[in-house]
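Thanks for coming. I will go through one model, starting with its ligand and then moving to the backbone.

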Amino acid sequence: MGQPESRAGEVPERVGDRLPPGQRLQRGWPVTHYGPVPKFRPERWEFRVFGATADGDKRCWSHEEFSALPYETVVADLHCVTKFSMLDAEWGGVRAATLLSLAPPAPEATHVMVWAEYGYSANLRLADFADPQTLFATHRDGELLTAEHGFPLRLVVPRLYAWKGPKWVRGVEYMEADRRGFWEERGYHNIGDPWREQRYSYQEEPDEGPAL
Ligand SMILES: Nc1nc2c(c(=O)[nH]1)N[C@H]1C(S)=C(S)[C@@H](COP(=O)(O)O)O[C@H]1N2
Ligand SMILES: [Mo]
């Protein structure tokens, strides 16, 4: 007694604490998305903020301008609703909070729709978007993202399931009322908190999402 059974036993225990209910640990970094990988054309790429902005104007950044925004890193876990989790990725890029200060939303804005290539979208509560961990990532573990992982830009929202983080993201729409994004319209939970195991829309409480 008094002796730990084995050192090796400590590792799974600690990992276990970091896995939301129903998730299992994934080694490596799988590619998960719907549809084709878009081709990046820098001269045609722009990042847009539109909708309910404070001054009513749209904002637009070229790829060069976006690349000059303050670069920060966030270490975070990724939880896919198909039940694998990837721990301790170091993401690098621009905090959503930075964009919110550069292009402030109107006081009436409560939600955002994050838009990606081919019309993929994900809706978020403004508070989840503004979270200091929410990052528009250009890099992972110090290296530029590959095309299949979202190059040139993807959103990472560590506190929610990973479908809430569009790869190949192109803009953000500030909204005065909630609307469902791509997967949220197709049976996935409107909020998507992995710690509350909010996987499917049938689990939603009446105040957790707009009518389906
Ligand atoms: N544009 C776009 N982004 C997306 C998806 C998608 O289908 N299209 N799938 C999401 C899902 S379900 C997951 S789990 C993560 C996977 O990111 P990865 O392929 O880099 O692991 O991307 C998310 N971002
Ligand atoms: Mo996913």
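I count a residue as near a molecule if one of its heavy atoms lies within 4 Å of it. On that basis, 16 residues surround ligand 1, and the closest are P30, Y34, H149, R154 and K167. This is a predicted model, where local features need pLDDT of at least 70, side-chain atom pairs count only at pLDDT 80 or more, and totals for chains, interfaces and linings use all residues. Residues are numbered from 1 along each chain as its sequence is written, ligands are numbered from 1 in the order in which they are written, and side-chain values use heavy atoms, with hydrogens and water left out.

What is the make-up of the shell around ligand 1? It divides into ten nonpolar, four polar and two charged residues. Here Ala, Val, Leu, Ile, Met, Phe, Trp, Tyr, Cys and Pro are nonpolar, Asp, Glu, Lys and Arg are charged, and the others, Gly among them, are polar.

Next, polar contacts, meaning pairs of N or O atoms within 3.5 Å. A polar side-chain atom of K167 is 2.5 Å from an oxygen atom of ligand 1. From the backbone, an N or O atom of P30 lies 2.8 Å from a ligand 1 oxygen, and a polar backbone atom of T32 is also 2.8 Å from an oxygen of ligand 1. The protein covers 96% of the 530 Å² of accessible area that ligand 1 has on its own, by the Shrake-Rupley method with a 1.4 Å probe.

Now the record. An unreviewed UniProt entry annotates residues 35–183 as "domain: Oxidoreductase molybdopterin-binding"; such annotations may be inferred rather than shown by experiment. In the model, that span is 11% helix and 40% strand, with its end C-alpha atoms 13 Å apart. Helices (H or I, at least four residues) and strands (E, at least two) are DSSP runs, numbered from the N terminus.

Two backbone points remain. The F151 to P152 peptide bond is cis, with omega near 10°, and P152 sits in the loop between β9 (143–144) and β10 (154–156). K83, a residue other than glycine, has a positive phi, near 95°; K83 is in the loop between β4 (72–79) and β5 (84–95).

Notes
A polar contact is a pair of N or O atoms within 3.5 Å; within protein, one must be able to donate a hydrogen and the other to accept it, and residues adjacent in sequence count only if both atoms are side-chain atoms.
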